[in-house]
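Open the model in your viewer and keep the selection panel at hand. The stops below say what to select and what is there.

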Amino acid sequence: MTSAANILIASHSHPQLTRGGAEISAHHLFAALAGHEGYELSYLGCARDHVNQKMGATFSQPFSPSEYIYAGGAFDWFKFANTDPTFPAAFRALLTELQPDVVHFHHYLRFGVEAFFLVRDALPNCRIVLTLHEYLAICNHYGQMVTKQHRNLCHQASPLRCNECFKEIDPTDFFLRTLYIQRFFDHVDHFIAPSAFLAERYIAWGLPPGKVSVIENIVHRNVKRSAGFTQERDGPLRVGFFGQVSELKGIGVLLAAAKFLAEQDEFGVVIEIFGDYSLQPMEFQSHFLAHLAKAGSNVVFHGPYDQDHVDELMQSVDVVVMPSIWWENSPVVIQEALRNRRPIICSDIGGMAEKVRDGIDGFHFPVGNVIALTSLLVRLAKTPARLKAVSESMHAPVASKEIVAQHVRLYDALLS
Amino acid sequence: MKMASRTRPRVARERRSQPRIPTQSLSDDAAVDAAAPASGFIEQFSYSDSAGGWLFCGSAPRAMAMEEAGSPDAQIRFEQTHCRGAATLAFFERENLAAEDIGVIAFISGSSRAAGFLEHLDLHFGQTTYQMQSGLRSQRLAEHEMVTQLRAILVKDAYVNTGRAGLLGVISRPAYTGVDTLAQLSEQVLMEIEEAFLCPPSDVLIKGWVLAAPGVIRCIRVRSGPLVGALVLGESIRVSRGDVIAAHGEQTGLSDLLCGFVTHVPSAISKGDVSYLEVELETGEIGFKPLRVSRQTGLPAMKQIMQAIDLRYDELDHAFDRILGPALSGLNAARPRIRAPVQRIQFGTPPPAPQISVVIPLFGRIDFLEYQLAFFSRHSPENLREIIYVLDDPPRRRELESLAHSAFARFGIPFSVLILPENLGFASACNLGLEAARGEFLGFVNSDVFPISDNWLELLVARLQRDPGIGVIGPRLLFEDGTVQHEGCCYRRIQELGNWFFIDHLNKGRIPDAGRGMRICDAITGACMVMRRDLAREVGGFSEDYIIGDFEDSDLCLKLKQRGLTCVITDECQLYHLERKSQAPPSQGWRRNITLYNAWVHQRRWGDTLERIAASGANIR
């Protein structure tokens, strides 16, 4: 780790405003790099709903001298275009003022994909890096690559296939969307993917393979790893679900498995759900609550949790289950479970299957297969020794120090 | 008024002397009004719808009856309007008049439009003008009241002359009172007028159906004020109406499915006057039917007219030559024509001396401006082009202004937008852009055309500069899946469609061949064409005789070929043309029929030329 550099980290939000994985990771990177000698760091985040907006000021500094907040304006979510006419000039002025050598974007939401063009135009020698946190550029369905009607996994986007999900949007518009995004992605010097799976998807979509590297997200900083199972378990296997209580996170699969377990009189397994359902559509919410009401005593719903206390909660369960029916990228929950030495039971697809080695970090089950999940849980409930072995063999999450170092190596390579 | 008690009409008497009133030429109305002192009086007057003119009854100097001219010029003066026409006159004796005066009945054909009080009626006999004044005692009567009164006078008291015979004829017509009287005819005639459109200035296109046994109807006329037009069913487009037969077939015993008709009657509608149909039977009876002429004009009227019409093969020639062609041409000619200056908003500093201007009409999908400018922003700024968008979509004006402002802030490319106050259509929008363009070369580009490489315009211009024999050049255009959207046109007769020439797009939908280079074509698409600006102006840009957008690019190409210039496509540069796949139109849809209208205009204008082109063989050279 050598040269000095002036780096601007830009994310679509700020951890003091929202607590999503992308902004947390971006801000961790900012804070870590700011500590390095010779590095000058700035952070640019966006505020939704004009929080902290000072009337007429496009950029403000509510948190610290090196952190800026863009009060977002009108945004076109279809092609990620920022239609706020005040942004381009103000952004160029900020870039001219800060003179970064590298602008590292985490997300182009709220900034708009044109931001890459603005950087290139204002600072021709600046290096532009983009960390991709989801599949939004590829998929108009919330970037999840799951079909709208039936929640089937989608393997490849195309104008015709996308029109099948969105009958009201002409295939030519999906084609234009891709052309528009790629026209501005052309200005990006390097892309970072938190999982190999995501990298492959984007390369299949059209990114040059030589421009893509895989680097994990920073989930935590300097947190000590747990020691594993401290005592023998007596009582049922406690299975913990952590995260958004939503259809795509597989809550339906989990509740159906719980029902099977109850019918088989198999009370060797208890499902503990930690998470928030209030952001979901009303129809889903009423279904979920109805299921809960009918569920047996083997399901316990704990409600939302504070991410800062997740370690204690994970320590209170034996395994962590991630039954998502979408691909995932690099879920924060997996990193947290690795940290807490809790084996991870997950669907056998996408980022989950990549980050969890079957039999070593946890166990896979075929995505959406309720019977397979049920059998797996019953087997594990009966063989505690197996779980103990995995808990000891699970790899540690990548240390944030290492992740920062990987970023620094990348910047060095780009700047040389 | 007291009638003279006579039992038979009198013969005209000998002339008596009266003071002559000097007249001036008819062109000087005000002077005439001032110079002619009162020499007569109007007691009653009325407008006759069935006769299409004004009836007057009053008194005038006896000398008028002695005038040689049988049908003098007349001018009816109201406060704010006046009406001119030939007058038919009859005279009669009246008891309570001075000896030098005589009773007068007059009929003047004209429109019922009258604004303000009646002031006077002037009758010009060569050198002499008589002015019959109106006053507080003058009464305006309803038509039937007036007719009753006049009939009595004409039959019993009026002097026998041609005027009297004419007037009797005028007031003997059955009067239209605004009511449908077909049901009262002695023979069964069922008729519905479903639509009637005014094709300016006074033609009408009528859609409806009529059920009557053969040989019952002698003729049908359209009447409006002084205008009369013949509605000839035999010349009309016949339409199959199963619904009408289902509803009325049994009752009438008639089963002719082709009881529907579409017809065009020229010079039949008088502005401001009531319109109606007059059905005359072989028996001589007359029935009336109200005719409500739609206020719709322009494109909405054209769409309505062209719906539910199904014509094939040789039906097209007659139908378009006699009915649909004149109707739509009339409507099209009356559409607003806007010429410069048009409101123009400039974003950024325009290039001082641009080599190339690009004209891009916008309608509906104005967001294509955003996409286009995003792609244009890849182009290096050294050769600044003059980019002119033409917004042909008035309701989207504010939306477009915001979008343009935002797009300029983002991409920084200078461009201007012409804001048209009405939707004028593709040809007019392009022509207005052409008028405003300053470049030596001009590109007409559709809003749904998107560049792949960045120097495509410069490349096309270079080809034009190298070869002055090229009239217009275009790039190959591709669909989003990389297949050919356009690489030149040829002409082909379609037997089912009047055997007229239609435009075939070469290789559309096929995987493109690599490296074909430049090829001469019969015509190229207006979606992306580049030519010398002055040449475009010389040929008058795109003809505005086509409706919506169709065939006018072929029309332009043929104008160029007429001058010995060629139309060329090159695959040295390619662009996307993301033509929308519109929803499958119903087979009788108006859109298809408007295309047929355009094909008809094209065929009538270029038929011989197309014949020669087709005969000359190979289209791919």
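Are H3(A) and H5(A) roughly parallel or roughly antiparallel to each other? The model is a predicted one, and the tour begins with this pair.

**Stop 1: two helices of chain A**

Select residues 114–122 of chain A, which form helix H3, and residues 171–185 of chain A, which form helix H5. Their axes lie 7 Å apart, and the packing angle is about 30°. Angles under 35 degrees count as roughly parallel, so H3(A) and H5(A) are roughly parallel to each other. The handedness of the H3(A)–H5(A) crossing is left-handed.

Now show side chains. From H3(A), Glu114(A), Phe116(A) and Phe117(A) meet residues of H5(A), namely Tyr180(A), Arg183(A), Phe184(A) and Phe185(A). Sorted by class, this contact of H3(A) with H5(A) holds five nonpolar residues, two charged ones and no polar ones.

**Stop 2**

Next, centre on Tyr108(A). Beyond four places away in sequence, Tyr108(A) touches Phe75(A), Phe80(A), Val113(A), Phe116(A), Leu130(A), Leu132(A), Glu134(A), Leu136(A), Ala137(A), Phe185(A) and Tyr202(A).

**Stop 3**

Return to chain A and select helix H7 (residues 251–263) and helix H12 (residues 370–382). At what angle do their axes cross? The crossing is at roughly 60°, and the axes come within 9 Å. H7(A) and H12(A) are therefore oblique to each other, and the crossing is right-handed.

On the H7(A) side, pick Val253(A), Leu254(A), Ala256(A), Ala257(A), Phe260(A) and Leu261(A). They meet Val370(A), Ile371(A), Leu373(A), Thr374(A), Leu377(A) and Val378(A) in H12(A). The contact of H7(A) with H12(A) has 11 nonpolar residues, one polar and no charged.

**Stop 3: one residue in helix H1**

Finally, select Ile24(A), which is in helix H1 (residues 21–34) of chain A. Is Ile24(A) buried or exposed? Its relative accessibility is 12%, so Ile24(A) counts as buried. Setting aside neighbours within four places in sequence, Ile24(A) is in contact with Pro15(A), Arg19(A), Val219(A) and Gln307(A). Then draw a C-alpha to C-alpha distance from Ile24(A) to Asn217(A): the two are 9.1 Å apart in space and 193 residues apart in sequence.

How values were computed: Residues are numbered from 1 along each chain as its sequence is written. Chains are lettered from A and ligands numbered from 1 in the order in which they are written. This is a predicted model: local features need pLDDT of at least 70, side-chain atom pairs count only at pLDDT 80 or more; totals for chains, interfaces and linings use all residues. Side-chain values use heavy atoms; hydrogens and water are left out. Axes are lines fitted to C-alpha atoms, for helices over the stretch in contact, and angles run from 0 to 180 degrees between N-to-C directions. Helices (H or I, at least four residues) and strands (E, at least two) are DSSP runs, numbered from the N terminus. Angles under 35 degrees count as roughly parallel, over 145 as roughly antiparallel, 65 to 115 as roughly perpendicular and the rest as oblique. A crossing is left-handed if the near helix is turned anticlockwise from the far one by less than a right angle, and right-handed if clockwise. Contact means heavy atoms within 4.5 Å. Ala, Val, Leu, Ile, Met, Phe, Trp, Tyr, Cys and Pro count as nonpolar, Asp, Glu, Lys and Arg as charged, and the others, Gly among them, as polar. Buried means under 20% relative accessible area, exposed over 50%, partly exposed in between (1.4 Å probe, protein chains only).
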